Amino acid sequence: MNEIIRPDIPLEEDAQNLSLRPKYLNEFLGQTMVKENLAVCIQAARSRREAMDHLFLIGPPGLGKTTLAQITAQELGAEFKVTSAPALEKPKDLAGILSTISEGTVFFIDEIHRLKPAIEEMLYIAMEDYELDWIIGQGAAARTVRIPIPRFTLVGATTKAGMVSSPLISRFGIVQRFSFYSPEELAAIIKRSAAILEVQVEEDAALLMAGCSRGTPRVANRVLRRIRDFAQVLGTSGTGSIITRKIAELGLQRLEIDSLGLERYDREILLSIIQNFGGGPVGAETLAISIGESMDTLEDYYEPYLIQCGLLQRTPRGRMVTDKAYKHLGVQGRHHADERLLF
């Protein structure tokens, strides 16, 4: 169940539903400021008939960074190449890609904060001078030559902007930060996706699913597909192809996703702090060990949404649950929870 609401885990099902992704800016819902700013940059680059400046996208997983990179290439009428930083193990891997691009190519690097220093240094020159530094020969006979490459647009995406080096960030001319989506924006995305999937969804059911989607379109689409299954199998006669609020409530209960979009693991994190550490404060490393999860996953995925919901606080002494968390979990004071609220 964990994989349904974790936007950082790509599923095979997502690859089978690429049709849900918008292909043009006017189809991309939400992130209004990012979209409007990017539209100006794209239009200016097209009018000058040159490659757009390099674009840096910052934000949690599942908010549409990859989709927006693809849309940028589509709107520019340019070739789109994609890779991730962990896949670039040696400078020759980057050189192999950049030596085959065409003029104006949009080159997308996901998880750019994980680039190795040697590759990052090669990328600096490519971004600024549109050249590759390459070493020919070995030992005393070795020499460096610069190979020109076509002008291109690098789109770098990261969930950890603080881990990207200042020299790399400074080479991006356009920096855009993504924020979590509102329930209304997610409801609009759910209705658009439902139309593509040829399933009807009632307005209040769409809003209910949107409120349980952690502010993330990728999660919203996964929830929609699962609730579609419940509607198809458990829907009453005549409404099997319609997602009603009743079906949505039933499906979310069965999936153990509550009214704030928390799943079992989120609630276990909060309960662990309450039951094992008196509500906090507790250090991130200690908390990660207590729940059997890596500290990176705790800090990068679970904590941001719990903090955004006002259920968890980061303090100089460690993590603490809030009064809102006690109320949401049905915990009296700092004692054991008898019930976990769903709906």
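The side chains of K191 and E203 meet in a salt bridge, with N and O 2.8 Å apart; the term covers a side-chain nitrogen of Lys or Arg within 4 Å of a carboxyl oxygen of Asp or Glu. K191 sits in helix α8 (residues 183-196) and E203 in helix α9 (residues 203-211), so this pair ties together parts that are 12 residues apart in sequence. Helices here are DSSP runs of H or I with at least four residues, strands are runs of E with at least two, and both are numbered from the N terminus. K191 is partly exposed at 33% relative accessibility, and E203 is partly exposed too, at 43%. For these labels, buried means under 20% relative accessible area, exposed means over 50%, and partly exposed is what falls in between (1.4 Å probe, protein chains only).

A word on the ground rules. The model is predicted, so local features need pLDDT of at least 70 and side-chain atom pairs count only at pLDDT 80 or more, while totals for chains, interfaces and linings use all residues. Residues are numbered from 1 along each chain as its sequence is written, and side-chain values use heavy atoms, with hydrogens and water left out.

Back to the charged pairs. Side chains of opposite charge can pair when their charged atoms come close. The structure holds 16 salt bridges. One of them links R171 to E128, with 3.7 Å between the closest N and O atoms. R171 lies in the loop between α7 (166-169) and β7 (174-177), and E128 belongs to helix α6 (residues 117-129), so the pair ties together parts that are 43 residues apart in sequence. Both ends are partly exposed, R171 with a relative accessible area of 21% and E128 at 48%.

The salt bridge between R214 and D266 has its closest N and O atoms 2.7 Å apart. This pair links distant parts of the chain, 52 residues apart: R214 is in the loop between α9 and α10 (217-234), and D266 is in helix α12 (residues 264-277). R214 is buried, with a relative accessible area of 2%, and D266 counts as buried at 0%.

Two strands pair if DSSP finds at least two bridges between them.

On the β7 side, F56 has V175 as its bridge partner, and L57 stands opposite Q176. On the β6 side, the bridge partner of L57 is A157. In a regular strand the side chains alternate between the two faces of the sheet. Both faces of β1 are covered, with L55 and L57 on one side and F56 and I58 on the other, all of them buried.

A second pairing involves strand β10 (residues 312-315) and strand β11 (residues 318-321), which are antiparallel over 4 bridges. A hairpin of 2 residues joins β10 to β11, and L312 has V321 in β11 as its bridge partner.

As for open space, the second largest pocket holds about 260 Å³. On a 1 Å grid over the protein atoms alone, a pocket is an open set of points with protein on both sides within 12 Å along at least five of seven lines, where a cavity would be a set in which a 1.4 Å probe fits but cannot get out; lining residues have an atom within 4 Å of a point. Points are joined across faces, edges and corners, and the volume is the space filled by probe spheres set on them. The lining counts 14 residues, with P60, T159, K160, D300 and P304 nearest the centre. Helix α14 (residues 295-308) supplies the largest share of the lining, 3 residues.
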